[in-house]
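Student: I would like to learn how to read pockets and side-chain contacts from a set of coordinates. Could we go through one case together?

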Amino acid sequence: MKIIIENDIWGFDLTAALEEISPQRREQALRYRHELGQRLCVLAYLLLKRGLNEVFGISENPLFEYGEHGKPQLTGHPGVFFNMSHCKDAVVCAVSNRPVGVDVESIGRYKESLVGYTMNDKECSRIMGSGHPEVEFIRLWTMKEALLKLTGEGISSDMKTALTDAGNYHFETVIEQEKRYIYTVCEENEE
């Protein structure tokens, strides 16, 4: 598996990058009203292109097909798996020969009502007992979302139970406290 992370959202020429990506992704990027959204969408795709080239030798612009819940898959490459995520502070892409999920979130203030809605009692206790509850909340949130992205379910209505049966999965979490983001990558455990 290859993980690529970039936090220099403004360090590339957006106009030139829009010309070098697929028309499918360009159209998706241009749906964003604000430049930040366009940059995040384009940068995620550029990281995917880089990862696909480095890991699988795929050099053409990837095209996507979408699963039942909107999870993208590469057209014409059934044994290649990827997942992308972005927040205002970073973009991350994971490329693998096995199903993979990834989520990145900015560290910021959180609302206790959101904690109560998305976390079970054990997770709430862990968050509230932490010296940095905002970091612990985002860490758990990225684990949940990475798992749900791996399975293709996306954010479910009951986030509280998302990690209940997570023993079959391996999570790798990176906390970049100074850069103000956390990301988690999730894969099934190897048998």
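Student: With which side chain does the side chain of Ser106 make a polar contact?

Tutor: Before the case itself, note that this is a predicted model, in which local features need pLDDT of at least 70 and side-chain atom pairs count only at pLDDT 80 or more, while totals for chains, interfaces and linings use all residues. Residues are numbered from 1 along each chain as its sequence is written, and side-chain values use heavy atoms, with hydrogens and water left out. A polar contact is a pair of N or O atoms within 3.5 Å; within protein, one must be able to donate a hydrogen and the other to accept it, and residues adjacent in sequence count only if both atoms are side-chain atoms. Here the partner of Ser106 is the side chain of Asp89, at 2.6 Å.

Student: Is Ser106 buried or exposed?

Tutor: Buried means under 20% relative accessible area, exposed over 50%, and partly exposed in between (1.4 Å probe, protein chains only). Ser106, which lies in strand β6 (residues 100-106), has a relative accessible area of 16% and is therefore buried. Helices (H or I, at least four residues) and strands (E, at least two) are DSSP runs, numbered from the N terminus.

Student: Which side chain does the side chain of Asn83 meet in a polar contact?

Tutor: The side chain of Asn83 pairs with that of Lys149, at 3.4 Å. Asn83 lies in strand β4 and is buried, with a relative accessible area of 3%.

Student: What is the volume of the largest pocket, and which residues are closest to its centre?

Tutor: On a 1 Å grid over the protein atoms alone, a pocket is an open set of points where a 1.4 Å probe fits, with protein on both sides within 12 Å along at least five of seven lines, and lining residues have an atom within 4 Å of a point. Grid points are joined across faces, edges and corners, and a volume is the space filled by probe spheres set on the points. The largest pocket has a volume of about 450 Å³; of its 21 lining residues, Gln28, Gly70, Pro72, Met84 and Lys149 are the closest to its centre. Strand β4 gives the most to this lining, with 4 residues.

Student: Which element supplies the largest share of the lining of the second largest pocket?

Tutor: That share, 3 residues, comes from β3. The second largest pocket has a volume of about 180 Å³, and Lys71, Pro72, Gln73, Val80 and Phe81 lie nearest its centre among 14 lining residues.
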